[in-house]
Amino acid sequence: MQAPFDFRKLFELSPNPYMLLDRELRYVTANSAYLRVTASRLEDLVGRNVFEAFPHDPDDPANASVRMLRDSFLRVLAERALDTLALIPYRVPRQTELGVVVEDRYWSATHTPLLDERGEVAFILQHTMDVTELQQLKQAVRDAEASLEEGSPRNQLMGGVFARAQAVQEANRTLDDERRHLRRLFEQAPGFMCSLKGPEHVFELANRAYLQLVGHRDLLGKPVREALPEVAGQGFFELLDRVFSTGEPFVGHNMGLQLQREPGGPLVEAFLDFVYQPIVEADGSVSGIFVQGHDMTAQKRAEDELARHREHLEELVLERTRALEESEAERRQAEAALLQAQKMEAVGKLTGGVAHDFNNLLQVVSGNLQLLQRDTVGDTRAQRRLETALGAVERGARLASQLLAFARRQPLAPSALNLGRLVRDMDDLLRRALGEDVEVETVIAGGLWNTSVDRNQLENVILNLAINARDAMDGRGKLTIEAGNAMLDDHYAMLHPEVTAGQYVLLAISDTGSGMTPAVMERAFEPFFTTKPEGRGTGLGLSMVYGFVKQSGGHVKIYSELGHGTSIKIYLPRTFQAAVQPAESGPGQVEGGTETILVVEDDPAVRATVVEVLTELGYRVLKAHDGQSALAVIQSGLPVDLLFTDVVMPGPVRSPELARQAKAHLPDLEVLFTSGYTENAIVHGGRLDPGVSLLSKPYRREDLARKIRAMLRGREQRMAAKPIRPPVPPEPQAKGTLRILLVEDDADIRESASELMSDLGHTVRAVESAEAASELLAKEPFDLLFTDVTLPGKSGVLLAREAVGRYPALRIIIASGDSRAVAAEDGKVLERVVLLPKPYDLNQMERALEQAAMDAGPAARTRPA
């Protein structure tokens with residue numbers, strides 16, 4: 001087996017001068033021929049910059065020869081291609097008989113790049129030839145040209161030879177300059193270019209733009225299928241084969257190409273405009289292909305992005321157009337809903353006023369009929385007529401009640417209830433009312449929320465709607481009752497101005513009946529509007545439902561299709577209170593009593609009837625025609641156990657104010673209101689105020705008797721439960737009556753606190769600000785300052801500090817549960833201060849006053865001088 005060839009030995013023994021530079025143009029090595037020509041030693045060169053070792057002209061480091069040599073090296077580094085200097089004068093040391101001398105020599109140099117594994121220039125190999133003798137020959141030629149004038153044939157012959165040599169040299173130099181110029185143009189061209197040779201399309205040349213496009217890989221000398229393997233299957237190799245075989249160029253526009261620009265990296269898409277131009281020889285054969293083109297990726301993406309923006313803009317315009325059309329439709333719908341609501345409100349006010357006066361008339365009729373019943377006992381004929389008349393009164397009362405319900409002026413007593421449980425409890429009642437031919441299906445959603453409504457009125461609504469559905473189905477079909485949770489959002493509320501967005505409990509009652517036309521649905525809730533035959537309905541059923549739902553803070557909507565059925569959806573507001581089960585109550589026995597009742601009624605006929613009914617029941621009856629005269633009776637000192645007053649009365653004293661002042665004089669007094677029109681102070685938002693008892697007109701004698709007896713029985717039980725206080729032993733003088741200054745800005749709290757302290761036997765002066773308290777302290781003597789912390793001006797704590805500073809014997813109670821409230825900024829705490837946490841009751845206040853009075857007598861201080 002032959003030993004491997006020693007290339008270093010070949011390098012060393014070569015008669016031509018060679019030297020090797022790194023990227024920084026520092027010597028790596030040089031052969032013997034180079035050292036001999038430059039009269040140098042290798043150890044003196046290695047590691048030194050070539051221009052430091054051979055500066056050429058130390059006095060002019062930027063001379064032309066240095067520039068030529070440096071430019072050649074830089075071209076090799078930049079272009080990674082061989083570079084040749086045909087002729088360069090350069091001064092170097094030379095060994096002569098006289099020793100080492102520095103002389104000008106002429107050189108021809110070739111610089112070859114040596115690439116690393118990344119394709120970058122690692123070293124530059126220089127091969128030089130000393131052409132000094134050739135230059136000397138040129139000089140001889142010039143001398144010969146000068147001697148031609150003398151006519152020497154020998155000189156003429158020599159001049160001709162040297163002239164031809166000079167011409168060849170000049171032509172070579174020109175060609176070399178042109179080659180370098182073309183190479184610069186090729187490299188600096190803005191588009192990508194490459195030259196492919198032969199049927200395998202081997203890369204001969206590729207400019208920087210092409211290398212940038214494909215990812216700066218090693219291409220030269222490789223076929224395209226080997227150099228660009230990821231392009232296989234994309235059609236470009238086949239296009240090259242066709243151009244080479246046919247000799248016809250190919251022009252591509254916006255053609256997509258997948259390239260792997262980094263080893264192991266992902267494929268990147270590029271879009272190209274290019275030309276495959278065949279290289280045709282003189283004999284017509286194709287020797288290669290010249291590729292020239294432009295990377296259009298950025299422009300393509302910009303065009304695509306522009307197209308997307310244009311499409312998006314068109315979509316936005318269409319969407320905005322649709323939104324405007326929908327908005328206009330919603331505006332018209334909301335306008336129609338508002339007009340309908342205004343119409344219903346106007347009709348409601350009218351019907352409410354009519355129902356009020358109607359109820360008063362019915363009350364007179366009902367009361368007198370019931371009295372006549374007692375006078376005609378034993379007269380069967382008269383009793384039968386009276387029963388008929390009372391039945392008519394009751395029907396009239398129901399009619400008035402339905403009118404009030406539509407007008408949203410009926411008194412409601414809402415309580416928290418579970419709608420699903422209420423519907424299930426009504427199952428038997430509904431099935432009996434609807435008959436066997438109506439199938440009833442109940443669907444109750446899981447996790448059903450509670451709602452707060454009047455239970456009795458809601459049961460009436462469900463029963464009323466079920467009977468309407470039965471009639472719409474001609475007594476045969478399917479009725480579905482559903483209960484579930486619902487959300488009415490802001491968009492729905494915008495379309496229905498009367499709706500407040502939020503959480504609701506949905507009650508849906510659907511039938512398979514005849515359905516409604518749009519015109520019928522528009523008027524369905526109007527009072528007295530009905531599609532039933534005459535005598536089959538009053539037209540108040542749905543209007544009562546509408547009024548009840550609105551008064552309860554809910555929303556009602558009809559969905560109907562003619563011939564397919566109707567669904568009425570009722571949305572009742574959600575409550576977070578626990579459901580309350582209704583108390584069981586029987587009819588009870590009508591009882592009377594001997595207590596004193598004050599009747600206040602402005603209608604003489606109604607007043608006379610009520611007085612007569614109550615007198616027959618055994619009560620002692622006092623009467624008044626308005627609130628002012630009733631208040632005079634209360635203030636006269638006559639004992640009164642129950643006040644029975646109409647809500648709407650003439651005069652300056654309204655019924656709520658009458659009740660308040662009456663209870664202030666008689667704390668154990670019971671108050672029963674009555675009215676047929678309850679849009680007033682005791683009904684807010686359609687709901688009775690807490691603790692208020694109301695008997696709606698018209699009422700029967702039995703209803704009045706049971707209501708009054710129940711209230712008086714409750715009064716007896718309440719009075720019996722009051723603790724009997726043992727006799728209080730006389731207190732020492734230090735614990736007697738206190739003179740108290742109360743400072744509280746809240747009027748209700750100020751009034752109640754004053755009453756509580758007065759009930760405990762103390763003398764109280766009440767003011768609403770610290771400033772007013774300071775003025776009063778300067779004028780009158782007080783034993784104790786009772787103040788809130790937060791006041792409109794100066795705080796209660798600051799007031800207490802100033803008061804104690806001026807009147808050291810003054811005791812302080814501060815209404816606050818926070819001990820930090822009495823601490824100053826310096827951390828000092830008020831001494832002998834009692835903290836009373838809010839809210840406080842009578843016992844807590846009494847203990848606080850006792851604690852504060854331990855060290856304070858009735859004359860804790862005197863009026864200041």
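Welcome to this structure, whose largest nonpolar core has 39 residues. A nonpolar core here is a set of buried Ala, Val, Leu, Ile, Met, Phe, Trp, Tyr and Cys residues joined through side-chain atoms within 4.5 Å. This is a predicted model, in which local features need pLDDT of at least 70 and side-chain atom pairs count only at pLDDT 80 or more, while totals for chains, interfaces and linings use all residues. Residues are numbered from 1 along each chain as its sequence is written, and side-chain values use heavy atoms, with hydrogens and water left out.

**Nonpolar cores**

- The residues with the most contacts inside the largest core are Leu 419, Leu 458, Ile 462, Leu 465, Leu 479, Leu 507 and Ile 570.
- Setting aside neighbours within four places in sequence, Leu 458 is in contact (heavy atoms within 4.5 Å) with Leu 417, Leu 419, Leu 422, Val 453, Leu 507, Phe 548 and Leu 572.
- A second, separate core has 31 residues, including Cys 194, Ala 206, Tyr 210 and Val 214.

**A buried glycine**

- Gly 547 lies in helix α18 (residues 541-551); helices (H or I, at least four residues) and strands (E, at least two) are DSSP runs, numbered from the N terminus.
- Gly 547 counts as buried because its relative accessibility is 0%; buried means under 20% relative accessible area, exposed over 50% and partly exposed in between, using a 1.4 Å probe and protein chains only.
- The C-alpha atoms of Gly 547 and Phe 525 are 8.8 Å apart, with the two residues separated by 22 residues along the chain.

**Two helices side by side**

- Helix α20 (residues 627-635) and helix α21 (residues 655-665) have axes that come within 10 Å and cross at roughly 5°. Axes are lines fitted to C-alpha atoms, for helices over the stretch in contact, and angles run from 0 to 180 degrees between N-to-C directions.
- The two helices, α20 and α21, are therefore roughly parallel to each other, a label for angles under 35 degrees.
- On the α20 side, the contact is made by Gly 627, Ala 630, Leu 631, Ile 634 and Gln 635, and on the α21 side by Leu 658, Gln 661, Ala 662 and His 665.

**Salt bridges**

- The count comes to 27 salt bridges, each defined as a side-chain nitrogen of Lys or Arg within 4 Å of a carboxyl oxygen of Asp or Glu.
- Arg 75 and Asp 83 meet in a salt bridge of 2.9 Å, N to O. Arg 75 is buried at 19% relative accessibility, and Asp 83 is buried at 4%.
- Asp 241 pairs with Arg 225 in a salt bridge, their closest N and O atoms being 2.8 Å apart. This pair links distant parts of the chain, with Asp 241 in helix α10 (residues 236-246) and Arg 225 in helix α9 (residues 224-227), 16 residues apart.
- Lys 300 forms a salt bridge with Asp 304, with the closest N and O atoms 2.9 Å apart. Both residues lie in helix α11 (residues 297-375), 4 residues apart, about one turn of the helix.

**Positive phi values**

- Most residues other than glycine have a negative phi.
- Asn 254, found in strand β8 (residues 250-259), has a positive phi near 50°. Asn 254 is partly exposed at 34% relative accessibility.
- Asp 474 has a positive phi of about 55° although it is not a glycine. Asp 474 lies in the loop between α15 (455-472) and β14 (477-488) and counts as exposed at 71% relative accessibility.

Technical notes: Parallel < 35°, antiparallel > 145°, perpendicular 65-115°, else oblique.
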